[in-house]
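Good morning. I will take you through one protein chain, from single residues to the whole and back. Please look at the model while I talk.

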Amino acid sequence: MTFWVFLYLAAALQAALLALALWRRPVNREANRLLAVWVALTGADLAVKAIYWHLLSPEWFRAYRFVALFPFLYGSLFFLYVRALTQARRFQWRDVVHLLGFGVMLVLNGYVWVMDHAQLQALSARWIAGEKSVGVWFDAPLFIYSLSYVVVALLLVHRYRRRLRERRSDADRMSLRWIDAMAGCQIVIWFIAIVQAVVNLPIVNYGLLFGAVAAWVCVVGWFSLGQPPVIAEPEPAPAAASELEAASLGAGQDDARFAAVEARLSQLMGGTEALYFEPALTIGQVAKRSGYPEYLVSAVINRRLGGSFWDYINRLRIEAARVRLADAGDTRTILDIAYACGFTSKSTFNAAFKKQVGETPSAYRKVMVTAGGATP
């Protein structure tokens, strides 16, 4: 147990320093402050557990039971953090409803707070002996409550990515992949907790569980301090949504202006203009250059050109990259060509190229150069 105590104390210290750094970080300020609270609570949780397991003192058991309720906050705080990132919504008083799970369990555990020393000592002894009945009644509500918030947070991220793809050609740069990593770590921790609660396996114990929590603090530190500024994408207003629906889906027929908009897009994306080469191109910029409303341009892309704005622009970029890769006289690296064609990520370029062409950029270049640059 000495190893785990040392590990928890080290992780608690790291969590305290990380929480302070996040609280003071100006980038994504509101979201990072929620994350700072979450990390600080995790640090306090680990510190109290380390002290209790080191001393095995009944006096610390009350504090131990108190921090044992903190996981009822973790899923909620993760959801609020993701919401703040994706929708620029700061924490407000009405958001206290998301903390009710912790409040309810705090009240239900009230008997521990009023126990006398003898009762506390007896309960602590039962806990040390590994008696499963001590506190096990809140395991199932904890798993269901917290994991539901993790799932809802991931749905928020999914909707955010979809909105980005409808509006930006560089959606891959702001896709919040670190949120997936954070959620994945939490799911692993919850899985360990569930197994520990229902199966008696020697290696799956509290030491492993909170060792995973300590490792999670490191993961959060790695990703959170390197976050780029996130462009919030609030949910579309009802009026805007209804206008788009009327233009793109109403009556099952195209708007009379669709053909003109499509022709104008072809002009903007072809010839010398070739707007798709701009890495951070947005649908708003294209709409402004086209002279048509943004919702109409979006409807044309979705209905006539297929897919989102991000899909449409990437198809044009891939076609431009194919021409350059097939040119034996173009000695630039594949990555340089990808960047020159407007891509901002090697992984995005490779995935989009393989999906559209059916083979990797390097394999395509080799075949085309060998064939003398013949058009497929």
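In which helix does Ser148 lie? Ser148 belongs to helix 8, which covers residues 139-167. A helix here is a DSSP run of H or I of at least four residues, a strand is a run of E of at least two, and both are numbered from the N terminus.

Before going on, what are we looking at? This is a predicted model, in which local features need pLDDT of at least 70, side-chain atom pairs count only at pLDDT 80 or more, and totals for chains, interfaces and linings use all residues. Residues are numbered from 1 along each chain as its sequence is written, and side-chain values use heavy atoms, with hydrogens and water left out.

Back to Ser148. Its relative accessible area is 35%, so Ser148 is partly exposed. On this scale, buried means under 20% relative accessible area, exposed means over 50%, and partly exposed is in between, with a 1.4 Å probe and protein chains only. Ser148 and Met174 are 26 residues apart along the chain, and their C-alpha atoms are separated by 25 Å.

Now the whole chain. How many helices and strands does the protein chain have? There are 18 helices and zero strands. The C-alpha trace spans about 85 × 50 × 40 Å along its principal axes. The radius of gyration of the protein chain is 27 Å, whereas a compact globule of 376 residues would have one near 21 Å. That radius is taken over C-alpha atoms, and the globule rule is 2.2 Å times the number of residues to the power 0.38.

Of the 376 residues, 45% count as buried. The accessible surface comes to about 18,500 Å², and 65% of that belongs to carbon and sulfur atoms. These areas come from the Shrake-Rupley method with a 1.4 Å probe; for residues, only the protein chains shown count as cover.

A word on contacts, meaning heavy atoms within 4.5 Å. Among the contacts in the protein chain with a separation of 6 or more, 73% are between residues 24 or more positions apart.

As for charge, the protein chain has 38 positive and 27 negative side chains. The centres of the two sets lie 3 Å apart. Lys and Arg count as positive and Asp and Glu as negative, while His and the chain ends are not counted. The place of a charge is NZ of Lys, CZ of Arg, CG of Asp or CD of Glu.

Next, the record. An unreviewed UniProt entry lists "transmembrane region" for residues 6-23, 35-56, 62-84, 96-114, 134-157, 178-199 and 205-225. UniProt positions are given in the numbering used here, feature names are shortened, and annotations may be inferred rather than shown by experiment. Residues 6-23 are 100% helix and 0% strand in the model, with end C-alpha atoms 26 Å apart. Residues 35-56 are 95% helix and 0% strand, and there the end C-alpha atoms are 31 Å apart.

Where is Leu56 placed? Leu56 sits in the loop between helix 2 (29-55) and helix 3 (58-67). Most residues other than glycine have a negative phi. Leu56 has a positive phi, near 50°. With a relative accessible area of 40%, Leu56 is partly exposed.

Val67 is in helix 3. Is Val67 buried or exposed? Its relative accessibility is 3%, so Val67 counts as buried. Apart from neighbours within four places in sequence, Val67 is in contact with Ala44, Asp45, Val48 and Lys49.

UniProt lists "domain: HTH araC/xylS-type" for residues 266-367. Over residues 266-367 the model is 67% helix and 0% strand, and the end C-alpha atoms are 30 Å apart.

Ala274 is in the loop between helix 12 (258-269) and helix 13 (283-290). Its phi is positive, near 40°, and at 7% relative accessibility Ala274 counts as buried.

Ser290 is in helix 13, and is buried at a relative accessible area of 9%. Which residues does Ser290 contact, leaving aside neighbours within four places in sequence? They are Arg264, Leu268 and Val297.

Last, Gly329 is in the loop between helix 15 (309-325) and helix 16 (334-340). At 61% relative accessibility, Gly329 counts as exposed.
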